[in-house]
Amino acid sequence: MSEARYPSLAWPYVGLLLCAALLGQEYMLQAAGANAPLTVYRVALMAVALTSLALILLPPRRIAYFLAFGVCAGLIAYALYLQYIEGLEPCPLCQFQRACVIGMGLVFLVAGYHNPGRAGATGYAIVQLLLGGAGVAFATRQVWLQSLPKDQVPSCGMGLNYMLENLPFTDVLRKVFEGSGECAEKGWEFLHLSIAGWSLVFFVAMIVTAFAVIRRD
């Protein structure tokens with residue numbers, strides 16, 4: 001079994017990257033508003049931690065694909081548990097994030113059965129970037145809505161099924177992305193992060209993993 005090798009960085013470059021990351025964090029905190037700094041910090045911290053752990057433990061490519069599928073399946077299973085056992089109904093943004101997780105899981109499953117070479121793994125990684133990027137957008141929007149003061153939270157909107165039945169899909173996407181009052185409710189938290197916050201963490205980790213396994217044989 002070959003070991004994953006990552007390029008080493010001289011300490012001045014590490015310092016430069018650290019400063020760039022801190023400046024980027026300051027910009028994001030300023031853009032996010034007064035009520036979001038801790039949430040942005042926690043999401044970034046957990047995303048770095050989870051991604052780093054995935055890279056450290058990264059197995060050979062085919063095993064990594066099946067493990068990533070298992071993670072996606074576990075996320076969907078827990079989401080269904082929260083919905084049908086705990087009674088937490090998903091908002092439209094949550095439902096679109098679920099669709100992205102299901103899509104990523106299916107791609108990981110197909111890739112695991114296909115067991116592609118590096119060129120094929122690159123193609124799968126690009127597909128995961130598109131699916132995961134959409135998930136990042138939906139999760140980020142929901143995290144932002146959850147950070148708003150109560151007087152700035154949008155009113156509750158139409159249900160997703162109603163919108164899909166009565167509106168063009170582009171209008172459904174626009175209204176879902178705009179968010180509504182139910183999307184601003186947290187309902188569940190772990191380590192001070194909501195479901196949307198953890199979804200954002202996992203989307204980032206899965207995208208990085210999809211590209212990291214390109215070099216794993």
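N115 lies in the loop that joins α4 (92-114) to α5 (118-146); helices here are DSSP runs of H or I of at least four residues, numbered from the N terminus. Its phi is near 50°, a positive value in a residue other than glycine. N115 is partly exposed, at a relative accessible area of 38%, where partly exposed falls between buried (under 20%) and exposed (over 50%), with a 1.4 Å probe and protein chains only.

The model is predicted, with local features requiring pLDDT of at least 70 and side-chain atom pairs pLDDT 80 or more, while totals for chains, interfaces and linings use all residues. Residues are numbered from 1 along each chain as its sequence is written, and side-chain values use heavy atoms, without hydrogens and water.

The predictor's confidence in each residue, pLDDT, runs from 0 to 100. The protein averages 77, and 65% of the residues score at least 70. Confidence is highest in α3, at 92, and lowest in helix α6 (residues 160-166), at a mean of 56. Where pLDDT is low, the predicted coordinates should not be read in detail.

A pocket is an open set of points on a 1 Å grid over the protein atoms alone where a 1.4 Å probe fits, with protein on both sides within 12 Å along at least five of seven lines; lining residues have an atom within 4 Å of a point. The largest pocket is lined by 30 residues, with L82, C94, I195, A196 and S199 nearest its centre. Two or more lining residues come from each of α3 (61-84), α4, α5 and α8 (195-212). The largest share, seven residues, belongs to α8.
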